[in-house]
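I opened the notebook to record what I looked up. My entries follow the order in which I checked things.

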Amino acid sequence: MSGESGRSPRGLQQWLGLLLLVGVLLAVPFVAALGGQAWVRIANFAILYVFLALGLNIVVGYAGLLDLGYVAFYAVGAYCYALLASPHFGIHLPFWVILPFGAALACLFGILLGAPTLKLRGDYLAIVTLGFGEIIRIFMNNLNAPINITNGAQGITLIDPIRIGDFSFAKTSTLFGISLSGPQKYYFLLVALAALVIVINIRLQNSRIGRAWQAIREDEVAAKACGINTRNIKLLAFAMGASFGGIAGGVFAAMQGFVSPESFSLMESITILAMVVLGGMGHIPGVILGAVLLTGLPEALRYGIEPLQKAVFGRMIIDPESLRMLVFGLALVLVMRFRPAGLWPSSLRRRELSEVTD
Amino acid sequence: MDTLLQQLINGLTLGAVYALVALGYTMVYGIIGLINFAHGEVVMIGTMVAFTVIVSLAGSGMPPLLILSVGLLIAVVACMVLGWGLERVAYRPLRHAPRLTPLITAIGMSIVLQNVAMIIWGRNYITFPPMIDKRIYEVGGASFTNVQVAIVVLAALVMIGLTYLVQRTRMGMAMRATAQNQHVALLMGVDIDRVIAMAFIIGSALGALAGCMVGSYYEIAHYQMGFMLGLKAFTAAVLGGIGNMAGAMAGGLLLGIIEALGAGYIGDLTGNFLGSHYQDIFAFMVLIIVLMFRPSGLFGERTGDRA
């Protein structure tokens, strides 16, 4: 991504591609708004999931640590924002204080969980992280008595939107002659955040740390023998992934204006993991594709299945919600069956895999 | 001390069920190293099938015990077929795929089964018809029912039978060989495909049995019941050292008892700060603490080099 490469024809092509991408990204919220603000919100969630999936990609894709409780960090970030910017405690801090604080807190949780458990291998780590995620969720669900901290299953409402001075992200306002709705503003914020994460991901991938992660992923003993401090490096991956989860949680809370433990179930962790694996673990474009597809697919099914059933059978035969999940599950199974390395694996990984299967 | 005894009895009942489900996880994991996330759903389907059979036979005038047995038998057979089908359709084609691929497939299958069950049996709780007269026995201030006795005895018998199968029969030997080293087992003439299918079939049968036990213990069933049950059972399997069958049995019992004791005493311990709705936390807390000190579970022999 260096500037000099712009001179060569290949570099020019890359810049044109980037320009096209920027154009499309700019157009999305306005095109989606034609179908109603609901579509803009779906686009927002797609980007939020891109953000989350890329955060998890650091842990699972780069360092090869199977984390099934990623949503716990997302929850920590979300509740952190909710508690510090809502009438629940009467505290209203600005977002630029809370988001870094939420990220730091999630990072701390990541280290707290990671420090004692990262010596575990593979599936043991998976179940421990899963358990941790459940513990966090159960606490969120029950910490309403005797002292009401999280307001239990009802969740916290009326969370402040992100606001810069008088410029609130919740209301429609006009900027440079263009009318922007609340979701559209969040869209641009999310795109900016996602771009930041993507840049960090790319920079990490080829850095000294990134190569250390890959070494650990491929063979931990060998990595250790090469002088990598595996414990610290793994902890770093864990903490970094957790911080991204924390930021995403904060944005989620601000965007929704409401958080409840229901949003942080194990299913959510699994969905994010599925995005990473389905798209192509460790490959940034693949992970983005996975996140966009898995957010878009259920929504598309929501709008597609109901009319389809009515058209074919004349009435609703099967509950659309369960049919939607059914198709989602089948899609996971089928993609894994026919593209075991994901939809868009990195070329390096593909080469490794084809060698193994020989 | 009556709380202690009472919670021990309840914990033993619950633990027996966890142990049976945990065996299904551990057998599959021991042989192909896959966390079969859909196993909890197999347990749920077993419960639902038994429920359907029992309800449809309830008015037929057959003796209640016969109806129960028929329901149980059909559920076990249905789950064996389901387990075999899962392995054949979903997991076998992925045997040489990257490690996380079958895991995602298992998760996908779990979602599919759960929603199929929801379409068939609806989203409401289903109450199990009481087939046997519940008798309550009292010992030393604690009480237990004949259902609980039946669960514990049946589970013990099944575990003894399974131990015999694994330790004494040719099939069991093939299974142990495959678990140790698939390639060498293959060279020794073991039909790997058959062994793996067998692990799924036996595990599913145990799961169906456990499902029926939970159903008759709580007298309630739900399409999402397999999820938490499966999670706890998997925790139990890891607690005992995953891949180790004796470990799964011990882990299941231990987890059941810890959970029951925890739920019974948490109020006293924390001065009523935390109530019994924190019950689910114990399983995971204990798991994390145990793994911190024994990274391959309580009875795990492997040093955990298997990533």
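**Entry 1: salt bridges**

I began with a rule: a salt bridge is a side-chain nitrogen of Lys or Arg within 4 Å of a carboxyl oxygen of Asp or Glu. Side chains of opposite charge can pair when their charged atoms come close. I then noted that this is a predicted model, where local features need pLDDT of at least 70, side-chain atom pairs count only at pLDDT 80 or more, and totals for chains, interfaces and linings use all residues. Residues are numbered from 1 along each chain as its sequence is written, chains are lettered from A and ligands numbered from 1 in the order in which they are written, and side-chain values use heavy atoms, with hydrogens and water left out.

How many salt bridges are there over all chains? The count comes to 7.

I looked at B:Glu87 and B:Arg92 first. Their side chains meet in a salt bridge, 3.0 Å from N to O. Both B:Glu87 and B:Arg92 are buried (buried means under 20% relative accessible area, exposed over 50%, partly exposed in between, with a 1.4 Å probe and protein chains only).

Next I checked B:Asp193 and B:Arg95. They form a salt bridge, and the closest N and O atoms are 2.6 Å apart. B:Asp193 lies in helix H8 (residues 192-218) of chain B, while B:Arg95 lies in the loop between helix H3 (64-91) and helix H4 (100-121) of chain B, so the pair ties together parts that are 98 residues apart in sequence. Helices here are DSSP runs (H or I, at least four residues), numbered from the N terminus. B:Asp193 is partly exposed, at 32% relative accessible area. B:Arg95 is partly exposed too, at 25%.

I then joined the two finds. B:Glu87, B:Arg92, B:Arg95 and B:Asp193 are linked in a network of salt bridges.

In chain A I found A:Glu134 paired with A:Arg137. Their closest N and O atoms are 2.9 Å apart in a salt bridge. Both residues lie in helix H5 of chain A, 3 residues apart, about one turn of the helix. A:Glu134 and A:Arg137 are both buried.

**Entry 2: where the chains meet**

The size of an interface is often given as the accessible area lost when the parts come together. Between chain A and chain B about 4300 Å² is buried, and carbon and sulfur atoms give 79% of it. I wrote down the rule: buried area is the accessible area (1.4 Å probe) that two parts lose on being put together, summed over both. A:Asp123, A:Tyr124 and A:Ile127 supply 15% of the area that chain A buries against chain B, more than any other three residues.

How many residues does each chain bring to the contact? Chain A gives 48 and chain B gives 51 (contact means heavy atoms within 4.5 Å).

I counted 0 salt bridges between chain A and chain B. Which helix of chain A gives the largest share of the side that touches chain B? H5(A) does, with 13 residues. I sorted the residues on that side of chain A into 34 nonpolar, 7 polar and 7 charged.

**Entry 3: rings**

I found 17 aromatic pairs over all chains. Rings of Phe, Tyr and Trp (its six-membered ring) pair if their centres lie within 6.5 Å; planes under 30 degrees apart count as stacked, over 60 as edge-to-face and the rest as tilted.

A:Tyr74 and A:Phe252 make a tilted pair, 5.4 Å centre to centre, with 45 degrees between the planes. A:Tyr74 is in helix H3 (residues 71-84) of chain A and A:Phe252 in helix H9 (residues 230-256) of chain A, 178 residues apart. Both A:Tyr74 and A:Phe252 are buried. Ring pairs link A:Phe45, A:Tyr49, A:Tyr74, A:Tyr79, A:Phe252 and A:Phe264 into a cluster.

A:Ser243 is found in helix H9 of chain A. A:Ser243 is buried, at 17% relative accessibility. Leaving aside neighbours within four places in sequence, A:Ser243 is in contact with A:Ala103 and A:Cys107.

B:Gly24 lies in helix H1 (residues 2-32) of chain B. B:Gly24 is buried, with a relative accessible area of 2%. Not counting residues up to four places away in sequence, B:Gly24 touches B:His39 and B:Gly203.

Key: Helices (H or I, at least four residues) and strands (E, at least two) are DSSP runs, numbered from the N terminus. Ala, Val, Leu, Ile, Met, Phe, Trp, Tyr, Cys and Pro count as nonpolar, Asp, Glu, Lys and Arg as charged, and the others, Gly among them, as polar.
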